[in-house]
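Dear colleague,

I am passing on the structure below, and I would be grateful if you could look through it alongside the notes that follow.

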Amino acid sequence: MKEIIKTEIDKAVKELYRKEVVFSIEYPESKFGDYSSNIAFVLSKVLGVTSTEVAKKIVDFFGQSNSKIFKKVEVAGPGFLNFFVKDEIFSKNLDSILKLGKKYGQSKINKGKKIIVEYSSPNIAKPFTVGHLRSTIIGDALANILNATGAKVIRDNHIGDWGTQFGKMIVAIKKWGNVNEIKKSKEPVKDLVALYVKFHEEAEKDKTLDDEARNWFTKLEKKDKEATKLWKLCVELSSKEFQKIYKRLGVSFDTAVGESFFEDKMKVIVDEALEKGIAKVSEGATLVFFENDKYSPLMLLKSDGSSLYALRDLATDKWRKKKYGKDVVIINEVGAEQSLHFKQLFETEKLLGISNSNDRFHIAHGLYSFKEGKMSTRKGNVIWLEEVLEEAKKRAEVFNKDVAEEVGIGAIKFNDLKRDSTKEIVFDWDEILNLGGDSGPYLQYSSARAFSILKKSSKSPKNIVPKDWQVTDVEKQLIRFPEILERSAIELKPHQLSLYLLDLAGAFNNFYTHNKIIGSGEGEAYKLSITEAFRIVLSNGLNLLGIKPLKKM
RNA sequence: GCUUCCGUAGUUCAAUGGAUAGAACAGAGCUCUUCUAAGGCUUUGAUGUAGGUUCGAUUCCUACCGGAAGCACCA
């Protein structure tokens, strides 16, 4: 719709002034019309005429042109152009919603693009905690949204199954653990984490432990048999645990290649970087130094010759470009604490010719912070994700018990998706498991409500507008969905979609309380078709966010 | 110390440089003999400070104050 209006204005301006200018279309407060534009301000600057003057001319133009889409065009304030859209546009839009169903709102703005969305990416040997939640939820929604705008999306779980932490694990298992007991344990991952915590406690006292751990990782990189065996054990046990959680969250991936996979693809990169003078050896370690010390140096190899994750990331991206094509766009959904790492990484990739500045993105999310202080795996004060899911489910039982799981997950996911991801969240059970107000359950409830209305009605929806029908906010909101989806995709911000769904549901609930379908008046069938359209759009939106629309609640 | 991100109602969050800064929660008051009241309707209440750019600044720039994160062998 926005595009249509933009074209109309463009035509008018070209005819009146023979100019091409960049301007915007906005959704104003409802009394200022359905759409508004700042075109008069922009033109006023270019032409040196007052904005009101320009605005008036454009209004006159539309007044005479007998527009097919505008009921009314007005000048307001210092030169805003307010557009009132004809009522039949909205019912025509209902037609396309009812006809297209699940396809309504899908767009082609990203058609032909290949996009890798890397998200979740847990570190094996560390617990799956609320910390991993944000990346998993936001990344999944982002992937869905990009997919719905025509991109070929590759969902990539870049599992952290390599690195010094495995040296630590191996030392801990050998010193304080028992392989057979771990294998038999009901919660092997918790046992592993306990060992990981023990390691850090002991390492505080005994500094040689860290050296020992680094040694073991070096051995692992050199394919030492014992090291590899213990490493495999950790990886297998953790993977099982992760699969369980992903299943519960309803998240899946197209590929989940661990960091270890890139072990044999790193040497070439180091050689190339050294040869081109991009990397230098300093104090025995290999590092990339940046122009004018723009960023602090990026370490590729430790002085003992073992690799660091920056190098593995370089190898990963090089491999991705080879596998998926040079034009593939790579998006990492990773916490904001790694912002510097990604800046260094992107810069280095540019120097090495792996990527350019248009095809690498870091979507940084703020961290969870805790009232009780920082959460740290190393110290063992963590909140396990499973705990959170269970608590959510328990709280959601105040609704229909049959859907407690879906409602609980919906609450957790939406809590993350409704806000701009850059901000940090203070972990607060009441906030995260919020079941009322602006929440996932509210949307699920609205969806169940619409389902129920449609199910219980004896009539079937008919999209024929009754006489004297006043266009409602639901109809006006419904028409916005495709634009919101595109905006979400362009800005890489799922919260735009979330907030829209809240507005939409609010408009519907309001509509519903004031438009009960009773008796056999001529408006009933039309009200039902609005309800059906709402049901479709809300379901589409919730599915994109990875939240289950419910039929019953 | 340096760098990055964030400061908006009592609280949690919105606002592609636009109009009277929107919601939700909490508080006050209404609202179910009618398809889901876990709803809906009223109502109280906010841009950290000081400058600058602009017709117009929550948004951009500068300084300061406050919070978080990062800064060479973790990821």
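Two strands are taken as paired if DSSP finds at least two bridges between them, and helices (H or I, at least four residues) and strands (E, at least two) are DSSP runs, numbered from the N terminus. This is a predicted model, in which local features need pLDDT of at least 70 and side-chain atom pairs count only at pLDDT 80 or more, whereas totals for chains, interfaces and linings use all residues. Residues are numbered from 1 along each chain as its sequence is written, and chains are lettered from A and ligands numbered from 1 in the order in which they are written.

With those terms in place, an open sheet of four strands runs in the order S1-S2-S4-S3 with antiparallel pairing. Its edge strands are S1 (25-26) and S3 (70-76), each of which pairs on one side only. Strand S3 is joined to strand S4 (residues 80-85) in the antiparallel sense over six bridges, and within this part of the sheet Val73 stands opposite Phe83 in S4. Helix H3 (residues 51-65) packs on the sheet and touches S3 and S4, its direction making about 165° with that of S3. Contact here means that the C-beta atoms of two residues, placed from the backbone, lie within 7 Å; axes are lines fitted to C-alpha atoms, for helices over the stretch in contact, and angles run from 0 to 180 degrees between N-to-C directions.

A second open sheet, of three strands, has the order S7-S8-S9, again with antiparallel pairing. Strands S7 (279-282) and S9 (298-301) stand at its edges with a single partner strand each, so one side of each is left without a neighbour in the sheet. The twist averages 40° from one strand to the next. Between S7 and S8 there are four bridges in the antiparallel sense; the partner of Ala279 in S8 is Val288, and that of Ser282 is Ala285. The hairpin of S7 and S8 has two residues between the strands, and Glu283 takes a positive phi near 50° there.

Parallel pairing is found between strand S10 (residues 329-335) and strand S11 (residues 360-365), over six bridges, with Glu333 opposite Ile363 in S11. The chain crosses from S10 through H13 to S11 in a right-handed β-α-β crossover (with the strands pointing away from the viewer, the path from the first strand over the helix to the second runs clockwise).

Best regards
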